[in-house]
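Reader: I am new to this structure and would like to learn how its features are read. Could you take me through a few of them, step by step?

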Amino acid sequence: MSHPIPVLVIGGGMIVYDQILPSLYHLQRCQQVGEITIVAASSTRLRDLAGKHFLDSFPGQSFRAVPSLESAPSDRDDNRWRECISQFTPHGLVVVATPDETHYDMVRCALEHDQHVLCVKPLVHNYQQAEELGRLAHERGLLIVIEYHKRFDRRALEARKQYRLGHFGSFACGQARMIESYYYRSSNFQNWFTADKTDAFTYVGCHYVDMVYFITGLRPVEVSCRGVDRAFPNGKIASMWTNGRVIFENGALLTVNGGNGYPDMGAGPNDQGITMYCEGDNCGAIIEHNDQFRGVGHGYVTPVGGTYFRHVNPDYFRLVPWQGDGLKPVGYGFDSIANAVDAATAIGRLGDGHSDSQARDLRQAALAHIDQQGLLATPRNSFINELVIEAARKSIVRRGLPFAISYDPPRVTPLDVSSDPAC
Ligand SMILES: NC(=O)c1ccc[n+]([C@@H]2O[C@H](COP(=O)([O-])OP(=O)(O)OC[C@H]3O[C@@H](n4cnc5c(N)ncnc54)[C@H](O)[C@@H]3O)[C@@H](O)[C@H]2O)c1
């Protein structure tokens with residue numbers, strides 16, 4: 001490729017370390033990504049990204065750090081990203097990988113500066129903002145991808161294909177769970193995973209709500225959610241565990257458990273999976289994904305990741321030997337980033353050799369195709385997630401009161417107004 005797309009990453013935390021930067025580095029070595037800039041509030045986490053783990057896996061590669069790696073950790077500025085976006089070449093890719101409550105301002109600013117966007121899930125917490133960002137992107141011929149990487153899990157792709165061929169009949173009842181490790185409570189999560197900003201359903205449950213929609217195309221119409229409050233070591237309160245129930249437009253029920261409490265010395269880094277019971281005319285059907293134990297167990301002579309035995313998940317993201325130097329990323333976590341980079345590059349190039357208005361028309365047609373195809377999550381094909389999150393956040397503070405979702409126009413309302421003391 002002659003002009004690899006430049007990438008600006010905002011945030012330097014866990015998801016950048018585990019998935020985003022290794023994926024971008026590999027794409028850079030394949031000439032699909034140009035210069036990588038990473039901007040964070042301070043240099044503290046950026047130094048981890050420049051450390052041995054990356055030097056060993058991606059020898060000779062580096063990123064431009066803002067602020068510089070030499071700056072003092074105390075030199076903190078939450079607005080550095082604004083200047084970085086304003087100076088970035090148009091039709092680059094801005095990757096937003098910061099806590100949820102910052103996404104709206106960052107994505108909006110990126111669009112206003114003619115950048116394509118890849119945002120970690122969830123995009124935002126309410127429909128109105130998702131709709132506004134989707135409309136702005138479309139008007140300007142820009143791509144927003146929300147990084148729901150489970151859409152690129154081969155299991156989900158296979159289930160979507162078979163479901164849409166009619167081989168599962170119709171979804172009727174199911175359960176999903178995603179419980180992250182207990183040690184998350186001691187991480188930077190203490191500063192943003194607080195009850196006023198998010199909850200376990202919004203953080204991890206949304207993956208499985210999106211997956212059911214991705215597989216079946218069924219839209220959610222009702223949500224109720226209860227939380228279990230726990231304090232972080234710094235004293236801040238979180239909805240640390242959640243139990244949500246989502247009802248779909250055909251009447252199907254999905255229970256979603258989320259939490260930060262899987263044993264740190266357990267066999268996996270988390271516990272996750274989904275079972276969907278379905279019905280044909282005269283028979284039952286099932287979609288069952290054990291997303292924790294994927295058939296690989298490792299026992300070590302010295303602890304790896306703190307334990308002697310692990311269920312390894314080779315499907316999400318691993319760095320493995322390859323023909324080149326260092327290691328290469330494999331898995332649906334990499335595929336998800338690679339597909340977003342590909343799409344942003346292709347949309348940007350559609351403008352080559354055309355007037356501004358012709359370029360916008362061509363880009364809008366390509367964006368409409370991506371929306372309609374429904375593989376990459378965009379605001380227009382994944383806004384059910386914002387409606388579900390909006391409903392769940394309202395339900396949690398009202399101790400599980402059900403909220404209805406309607407679609408014409410899309411909105412969230414308490415199901416039984418007379419029993420809602422807040423109304
Ligand atoms: N798709 C997934 O499975 C998945 C997994 C983990 C996290 N996430 C999402 O990624 C986001 C971040 O999660 P994380 O685990 O990396 O969190 P984290 O706490 O480890 O890191 C957050 C990072 O954002 C940076 N940051 C915060 N405010 C900033 C600002 N104003 N300017 C620049 N940088 C800023 C912090 O410095 C830190 O580097 C969340 O929205 C989360 O939901 C998604």
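**Reading a helix, a loop residue and a helix pair**

Author: Let us begin with helix α5 (residues 103-112), where seven of the ten residues are buried, so this helix is largely enclosed by the rest of the structure. Please keep in mind that this is a predicted model.

Reader: Which residues of α5 are buried, and what do they pack against?

Author: The buried residues of α5 are H103, Y104, M106, V107, C109, A110 and L111, and they pack against several elements, including the strands β1 (5-10) and β5 (116-120) and the helices α4 (80-86) and α6 (127-140). Just after α5, D114 has a positive phi of about 60 degrees.

Reader: Where is R151 placed, and is R151 buried or exposed?

Author: Buried means under 20% relative accessible area, and R151, at 3% relative accessibility, therefore counts as buried, although its place is in the loop between β6 and α7 (154-164). Leaving aside residues up to four places away in sequence, R151 touches, among others, D210, Y213, F214 and G374. Of these, G374 is 223 residues from R151 in sequence, while their C-alpha atoms are 9.4 Å apart in space.

Reader: How do the axes of α6 and α10 cross?

Author: The axes of α6 and helix α10 (residues 356-373) come within 8 Å and cross at roughly 135 degrees, and the two helices are therefore oblique to each other. Their contact is made by A137, H138, E139 and R140 of α6 together with R360, Q364 and L367 of α10; by class, this contact has two nonpolar, two polar and three charged residues.

Terms used:
Residues numbered from 1 in each chain as written. Predicted model: local features only at pLDDT ≥ 70, side-chain atom pairs only at ≥ 80, totals over all residues. Heavy atoms only, no water. Buried < 20%, exposed > 50% of the residue type's maximum accessible area, 1.4 Å probe, protein only. Helix = DSSP H or I, 4+ residues; strand = E, 2+ residues; numbered from the N terminus. Contact = heavy atoms within 4.5 Å. Axes fitted to C-alpha atoms, helices over the stretch in contact; angles between N-to-C directions. Parallel < 35°, antiparallel > 145°, perpendicular 65-115°, else oblique. Nonpolar A, V, L, I, M, F, W, Y, C, P; charged D, E, K, R; others polar.
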